[in-house]
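The stops below are given in the order in which they may be selected.

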Amino acid sequence: MSRRKPRLTLEGHELRPESLMMSHGYDPRLSEGAIKCPIFQTSTFVFESAEAGKAFFEVAYGLREKRPAEEMGLIYSRLNNPDLEVLEDRLCLWDGAEACATFASGMAAITTALLAVVRPGDVVVYSEPLYGGSEYFLRHYLPQLGVDAVHFPAGVPFAEVRGDLVRRIGGRPVAAMLLETPANPTNAMVDIRAVADFAHTLVHGHGARRPVVMVDNTFLGPLWQQPLRHGADLVLYSATKFIGGHSDVIAGAALGSAEALAPVRTLRTFLGTMLGPWSGWLLLRSLETLKMRMTAQMKNARYVADFLRDHPKVAAVHYLGHLDPAHPMREVFDRQCLSPGSLIAFEVHGGEPAAFRLLNALRLVHLAVSLGGTESLAEHPATMTHADIAPADQARMGISAGMVRMSVGVEHFEDLIADLRQALEQA
Ligand SMILES: Cc1ncc(COP(=O)(O)O)c(C=O)c1O
């Protein structure tokens with residue numbers, strides 16, 4: 001809205017996002033000189049005059065375009081709030097986005113973005129596997145609105161699945177293509193550029209509308225993958241994960257061009273799915289250490305993944321840093337990702353009983369769902385995060401009974417390995 005501040009530049013030297021996380025978008029002069037953005041715990045904002053209030057509403061409700069150099073003021077915290085505006089400005093820096101809207105949860109961001117673009121009779125295409133909540137919404141809720149969901153598998157070159165996908169779309173209008181890459185929990189990848197190119201081919205058949213390519217970037221973003229740079233229209237986050245980073249807040253975000261984000265932001269206003277100022281303030285604090293945390297987690301994960309790969313009780317490790325140069329997804333990884341991140345799925349010999357013995361024996365690593373926090377977490381996708389997927393479908397997606405998903409935190413890697421070693425002995 002109004003108070004977007006230009007990015008600070010030093011002649012000829014472009015400042016990186018991590019250098020701007022403590023200041024960008026915030027002017028201390030507007031808050032008694034406070035170095036930190038205060039929490040604007042307020043539902044509404046006082047207008048300087050009736051004329052000013054009228055002008056704000058004209059712009060907010062789209063009754064007229066903003067005049068050149070016109071300052072849009074704050075109206076009401078369901079539309080926006082200073083904590084969210086500063087947070088949204090800062091998130092834009094990481095993804096190279098023009099606009100951002102923050103939400104009460106990752107699911108609020110994903111569902112609001114989808115609802116903003118679907119119409120009865122449309123199809124939504126999605127990559128499989130997806131986070132269980134997103135999958136449920138697509139398969140069980142959207143059909144009630146007359147919207148069909150059609151999936152294709154992650155982890156294989158898009159050219160191999162494209163023909164079958166076209167057949168199953170059957171000429172119907174595609175409103176959105178929702179990708180999760182790397183996918184939860186298997187780390188299977190999708191080539192964002194290939195899907196975006198495909199989405200552009202669908203434009204002619206369906207008039208002015210073309211599919212909005214949305215990428216759930218929760219697993220690697222915003223540091224290690226920036227989907228807008230690879231052809232995506234919208235990036236979606238569970239900011240509960242790495243962005244929040246301390247397992248103490250539920251939040252979400254959507255980013256893209258101002259044009260792509262506009263309908264999503266408008267629907268957020270009507271559904272009231274926006275983030276609250278207190279959670280927004282917590283995320284501002286988290287963003288200051290985002291790079292340090294994600295870098296430490298990424299480094300730790302490499303040691304942990306290597307240890308797991310060499311352990312006799314471990315049948316397979318699904319870690320992006322282990323992708324073989326001959327693997328078809330290796331080229332996509334090299335082009336699309338800046339690091340393998342810190343999510344590891346591994347399969348133990350002995351199925352669910354062995355996986356449960358391992359999980360129950362962990363002492364430093366916590367047995368809990370979620371990911372991206374400072375503490376390491378481990379869970380059992382088949383019976384926990386992905387429990388509502390039928391066993392046959394789980395098998396198709398590569399989710400086995402012996403699979404454990406681990407989110408590596410910032411602890412000392414030797415301590416994590418010591419914990420895994422003693423737990424694997426009991427598996
Ligand atoms: C990849 C992914 N997307 C979305 C979500 C949903 O986010 P939230 O729990 O913040 O609603 C999750 C949660 O685990 C997730 O892992």
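Select the ligand together with S238: an oxygen atom of the ligand is 2.8 Å from an N or O atom in the side chain of S238, a polar contact being a pair of N or O atoms within 3.5 Å; within protein, one must be able to donate a hydrogen and the other to accept it, and residues adjacent in sequence count only if both atoms are side-chain atoms. Of the 390 Å² of accessible area that the ligand has on its own, the protein covers 92% (Shrake-Rupley method with a 1.4 Å probe; for residues, only the protein chains shown count as cover). The model is predicted: local features need pLDDT of at least 70 and side-chain atom pairs count only at pLDDT 80 or more, while totals for chains, interfaces and linings use all residues. Residues are numbered from 1 along each chain as its sequence is written, and side-chain values use heavy atoms, with hydrogens and water left out.

Next, select D216, where an N or O atom of the side chain is 2.6 Å from a nitrogen atom of the ligand. At M107, a polar backbone atom is 2.8 Å from an oxygen atom of the ligand. Now display the whole shell: 14 residues surround the ligand, and the closest are M107, D216, S238, T240 and K241 (a residue is near a molecule or strand if one of its heavy atoms lies within 4 Å of it). The shell divides into 5 nonpolar, 6 polar and 3 charged residues; Ala, Val, Leu, Ile, Met, Phe, Trp, Tyr, Cys and Pro count as nonpolar, Asp, Glu, Lys and Arg as charged, and the others, Gly among them, as polar. Helix 4 (residues 106-117) gives the most to this shell, with 3 residues. Helices (H or I, at least four residues) and strands (E, at least two) are DSSP runs, numbered from the N terminus.

Proceed to the open sheet of 7 strands, ordered 1-7-6-5-4-2-3 with mixed pairing; two strands pair if DSSP finds at least two bridges between them. Its edge strands are strand 1 (99-103) and strand 3 (148-153), each of which pairs on one side only.

Helix 5 (residues 132-141) is the next selection, and E135 is found in it. Is E135 buried or exposed? At 4% relative accessibility, E135 counts as buried (buried means under 20% relative accessible area, exposed over 50%, partly exposed in between; 1.4 Å probe, protein chains only).

Finally, select the open sheet of 5 strands, which has the order 8-9-12-11-10 and mixed pairing. Strand 8 and strand 10 (366-367) stand at its edges with a single partner strand each, so one side of each has no neighbour in the sheet. Strand 9 (residues 343-348) is largely enclosed by the rest of the structure, because 6 of its 6 residues are buried. L343, A345 and E347 point one way from strand 9, and I344, F346 and V348 the other way. Strand 8 (residues 314-318) runs antiparallel to strand 9, joined by 4 bridges, and V317 has F346 as its bridge partner in strand 9. Strand 12 (residues 403-407) is also antiparallel to strand 9, with 5 bridges; there the bridge partner of F346 is V404.
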